[in-house]
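Here is a briefing on one protein chain.

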Amino acid sequence: MDQAGASSTQSPADAVGEARRMPAAPVAGDVPVGDLGSGSDYTAFQQHLGVPSTDISSTGPYGVYHSVFDNFAWFKKFGDPDFVYEQQMARVFGLEALRMADADVLPYDYEEYGKEAAFYLDAARKRVEGKFGNRVLDLSSATAAAKRFQEVGAKMLSKQKNPPRDAARLNLTLMNQALRSAERALLVPEGLPHRPWFRHAIYAPGEYTGYAAVVIPGVNEALDKGDAERVRQQLAVLTAALERAAKVLEGYR
């Protein structure tokens, strides 16, 4: 499965963001995390409100999906008769809820986030070169903004791992506020072209990909259409979003 920057000649199943895609900058020993597109309750939180979100699921052959046979009787007889997988998923969700609820400092990794954004832009640069040839579209500002976001994220991550010894409640509150607000800073106030409800500059379901995600959607969908001026405009929007997010993290001292 291709990653970010897939050609517009590919089918929707080959979307530039895909649920089973390995992260662009995987952490050694960590679990693979894909891209959030749409199709579940996280959509409004992530895509419209900028609330950090996760979607955990199991997968496998499921031929009755959304049919009249997709009911409890089928599930009890064929899907998971002993509810082994249901128990496993309940434990995973429970551990995630406990981790988030009990953490003094929110476990968000904006260094990794910045690396992903930089990867998406590098893939977009290759698409620009392939689509427009000698016509110049400058990605340097957006790339610099992604690098700044990554570097600021690394500094914040260091503080998260080594919070003040006195663990002053006000200090931790301010840190967590910055960590929450950085995601919201990635929202585009006017929304994405042709669909203003979707406001996230980094992740959105594609216009024509169903549930599958498209990364840096404003840029990649402008590239799909071969619209150089819109690519230029969306690069500026993306740059501004990354700069806002970096500034929010820098605001925590």
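The protein chain has 8 helices and 2 strands. Helices (H or I, at least four residues) and strands (E, at least two) are DSSP runs, numbered from the N terminus. Along the sequence they follow the pattern α-α-α-α-α-α-β-β-α-α. This is a predicted model: local features need pLDDT of at least 70, side-chain atom pairs count only at pLDDT 80 or more, and totals for chains, interfaces and linings use all residues. Residues are numbered from 1 along each chain as its sequence is written, and side-chain values use heavy atoms, with hydrogens and water left out.

**Burial and contacts**

- Of the 253 residues of the protein chain, 39% count as buried. Buried means under 20% relative accessible area, exposed over 50%, and partly exposed in between (1.4 Å probe, protein chains only).
- The protein chain exposes about 14200 Å². Carbon and sulfur atoms supply 56% of that area. Accessible areas come from the Shrake-Rupley method with a 1.4 Å probe; for residues, only the protein chains shown count as cover.
- Take the contacts (heavy atoms within 4.5 Å) between residues at least 6 apart in sequence: 63% of them join residues at least 24 apart.

**Nonpolar core**

- The largest nonpolar core has 46 residues. Such a core is a set of buried Ala, Val, Leu, Ile, Met, Phe, Trp, Tyr and Cys residues joined through side-chain atoms within 4.5 Å.
- At least two core residues come from each of α4 (110-132), α5 (140-161), α6 (169-184), α7 (217-224) and α8 (228-250). Helix α8 gives the largest share, 10 residues.
- Leu121, Leu179, Ile202, Ile216 and Leu242 have the most contacts inside this core.
- Beyond its neighbours within four places in sequence, Ile202 contacts Tyr113, Tyr120, Leu186, Val214, Val215, Ile216, Pro217, Leu238 and Leu242.

**Salt bridges**

- Side chains of opposite charge can pair when their charged atoms come close. The rule used here asks for a side-chain nitrogen of Lys or Arg within 4 Å of a carboxyl oxygen of Asp or Glu. The count comes to 9 salt bridges.
- Arg148 pairs with Glu243, with the closest N and O atoms 2.0 Å apart. Arg148 lies in helix α5 and Glu243 in helix α8, so the pair ties together parts that are 95 residues apart in sequence. Arg148 is partly exposed, at 25% relative accessible area. Glu243 is partly exposed, at 28%.
- Glu221 and Arg195 form a salt bridge at 2.8 Å, N to O. Glu221 lies in helix α7 and Arg195 in the loop between α6 and β1 (203-205), so this pair ties together parts that are 26 residues apart in sequence. Both Glu221 and Arg195 are buried.
- Arg232 and Glu229 also meet in a salt bridge, at 2.8 Å, N to O. They are 3 residues apart in helix α8, so about one helical turn separates them. Arg232 is partly exposed at 38% relative accessibility, while Glu229 is exposed at 52%.
- A network of salt bridges links Asp122, Arg125, Lys126 and Glu129.

- Helix α4 has 23 residues and reaches 32 Å from its first C-alpha to its last, close to the expected 33 Å. The expected span is 1.5 Å times one less than the number of residues.
- Asp109 caps the N-terminal end of α4: a side-chain oxygen lies 3.1 Å from the backbone nitrogen of Glu111.
- Just after α4, Gly133 takes a positive phi of about 55°.
- The 23 residues of α8 should span 33 Å, and its end C-alpha atoms are 33 Å apart, which agrees.
- At the start of α8, a side-chain oxygen of Asp227 comes within 3.3 Å of the backbone nitrogen of Glu229.

**Two buried residues**

- Gln46 lies in helix α1 (residues 42-48). Gln46 is buried, at 4% relative accessibility. Not counting residues up to four places away in sequence, Gln46 touches Leu36, Val51, Pro52, Ser53, Tyr113, Glu183, Leu187, His200 and Tyr203.
- Tyr252 lies in the segment after α8. Tyr252 is buried, with a relative accessible area of 7%.
- The C-alpha atoms of Tyr252 and Asn176 are separated by 9.5 Å, though the residues are 76 apart along the chain.
- With residues up to four places away in sequence left out, Tyr252 touches Met156, Lys159, Asn171, Leu174, Met175 and Ala178.

Technical notes
Polar contact = N/O pair within 3.5 Å; in protein donor to acceptor, adjacent residues only side chain to side chain.
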